[in-house]
Amino acid sequence: MFLAIKEIKREKLRYGLIILMIFLISYLIFILSALATGLASENTQALESWNAQKVVLNKNANVSMSQSILTKSDLKKDALTKDEALVGQIPVVVKNSKRPQISAQFIGIKKEQFIYHDQELIAGRKAKKNYEVTVDQAFKAKGYQLGDKLALNGSTKKYRIVGFVKNAKINIAPIIYGTLQSWKKLRQGMPTLRAAAIVSRNPDYNYNYQNCKTYPINQFIKKLPGYTAQNMTFELMIGFLYVISLIIIAVFLYILTMQKLHNYAVMRAQGIPSSTLVKATISQALILVLAGLIIGLIATMITIKVLPPAVPISFTPQIILTGTIGLLVTAIIGSLIPVRSILKVDPAQAIGE
């Protein structure tokens, strides 16, 4: 460690460039990870707030709640408990003459069931009547206020905002909570239409009567439009950044080792064991990565503070821990590549004897 620190102090510019590269890579990893987590959260925010474990849909709906239709005959033997709720979902375009137009998801629910009771209000109250709605806080950020009246998909009848709720997004779109009866009117379905899905908090719940099929929540989430492709894209980008950091550390340390072979030979001739030189190389890599990581963390936190609330970013302790461990492991692996050259140093040949 002493040798590593002394050398870094002596070659400030050279090692400063390596720290700069590590900083840029760690900054990108943290920002991309935070964006990936934020976007994933906006896909599943509502499902997490419901603590959903199972979803019952029409077996021909391609695991999509917005395409699912469950009739009275399908739900004839449902036997719902306090852990189950009937849900209707339909995409809507929200219009108000004084506010910006918003694409949203209308979720129809029943007042007697847990989704209604578990809404986390930040303003106003819960909807009690057919043409009353509570909306995600994203509407508030767009300038909508309590009492505003909304036209949904060009409906002639207006829906009044009576409350704003927290954590109400699905598939990135903000949610409008209304009654199941309102959902049926928007859906313009057959008279026997009852719901789009049954959502259950019970991991052991199963209901597969007639056209119904029960899906674990993870399977349902993976089928959300764009969810899996989005996550895989971010994972691939982050993986490439780790590979790039490994290459940068290995190349820089290898070049520096080649330039210092004469010095290593002298130290070997003085009786300094190879293990000490190897430890100094690994310590050097860890110090450089830690310095870059700390600067990257500070820059990421500053960036998140100045970003507008509309940017879906979530910088969690898990991201910090994963990114830090990942880069430190990368540093160790990268530092092992020039070790072979150090171990093969022949003091007599390098000094020219």
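This is a predicted model: local features need pLDDT of at least 70, side-chain atom pairs count only at pLDDT 80 or more; totals for chains, interfaces and linings use all residues.
**Entry 1: strand E1**

I started with how E1 pairs: E1 and strand E12 (residues 197-200) run antiparallel and are joined over three bridges. Which residue of E12 is the bridge partner of Lys54? I found Ser200 there.

Next I looked at strand E13 (residues 212-216). E1 and E13 are also antiparallel, and five bridges join them. In E13, Tyr215 stands opposite Val55.

I then asked how many residues of E1 are buried. Five of the five residues in E1 (residues 54-58) are buried, so the strand is largely enclosed by the rest of the structure. I wrote a reminder beside this. In a regular strand, side chains alternate between the two faces of the sheet.

**Entry 2: aromatic pairs**

I moved on to the rings. A pair of aromatic rings is described by two things, the distance of the centres and the angle of the planes. How many aromatic pairs does a search of the whole structure find? My count from that search is six aromatic pairs.

I took Phe23 and Tyr27, one of these pairs. Their centres are 6.1 Å apart, and the planes make an angle of 40°.

Where do the two residues sit? Both belong to helix H2 (residues 12-50). They are four residues apart, so about one helical turn separates them. Is Phe23 buried or exposed? Phe23 counts as buried, at 18% relative accessibility. The cut-off for buried is under 20%. Tyr27 has a relative accessible area of 23%, so I put Tyr27 down as partly exposed.

I checked Tyr207 and Tyr209 next. Their ring centres lie 6.3 Å apart and their planes are at 45°, so this pair is tilted. Tyr207 is buried, with a relative accessible area of 5%. Tyr209 is partly exposed at 24% relative accessibility.

**Entry 3: a cluster and two charges**

I looked for rings that group together. Phe106, Tyr131 and Tyr159 form one aromatic cluster. Which residue lies over the face of Tyr131? I found Lys157 there, at 5.1 Å from the ring centre.

I saw a charge over Phe114 as well. The charged end of Arg201 sits over that ring, 4.2 Å from its centre.

**Entry 4: the largest pocket**

I turned to empty space. Rolling a probe the size of a water molecule over the atoms shows where such space is left.

The largest pocket has a volume of about 610 Å³. I listed 23 lining residues, and the closest to its centre are Glu42, Ala138, Lys169, Pro309 and Ala310. H2 and helix H4 (137-141) each supply at least two residues of this lining. How does the lining divide by class? I noted 13 nonpolar, six polar and four charged residues.

**Entry 5: the second largest pocket**

The second largest pocket holds about 340 Å³ of space. It has 14 lining residues, and I noted Ser33, Ala36, Thr37, Ile238 and Ile319 as the closest to its centre.

H2 comes up again here. H2, helix H7 (227-259) and helix H10 (317-336) each give at least two residues to the lining.

Technical notes
Residues are numbered from 1 along each chain as its sequence is written. Side-chain values use heavy atoms; hydrogens and water are left out. Rings of Phe, Tyr and Trp (its six-membered ring) pair if their centres lie within 6.5 Å; planes under 30 degrees apart count as stacked, over 60 as edge-to-face and the rest as tilted. Buried means under 20% relative accessible area, exposed over 50%, partly exposed in between (1.4 Å probe, protein chains only). A charge sits over a ring if NZ of Lys or CZ of Arg is within 6 Å of the ring centre and within 35 degrees of the ring normal. On a 1 Å grid over the protein atoms alone, a cavity is a set of points where a 1.4 Å probe fits but cannot get out, and a pocket is an open set with protein on both sides within 12 Å along at least five of seven lines; lining residues have an atom within 4 Å of a point. Grid points are joined across faces, edges and corners, and a volume is the space filled by probe spheres set on the points. Ala, Val, Leu, Ile, Met, Phe, Trp, Tyr, Cys and Pro count as nonpolar, Asp, Glu, Lys and Arg as charged, and the others, Gly among them, as polar. Two strands pair if DSSP finds at least two bridges between them.
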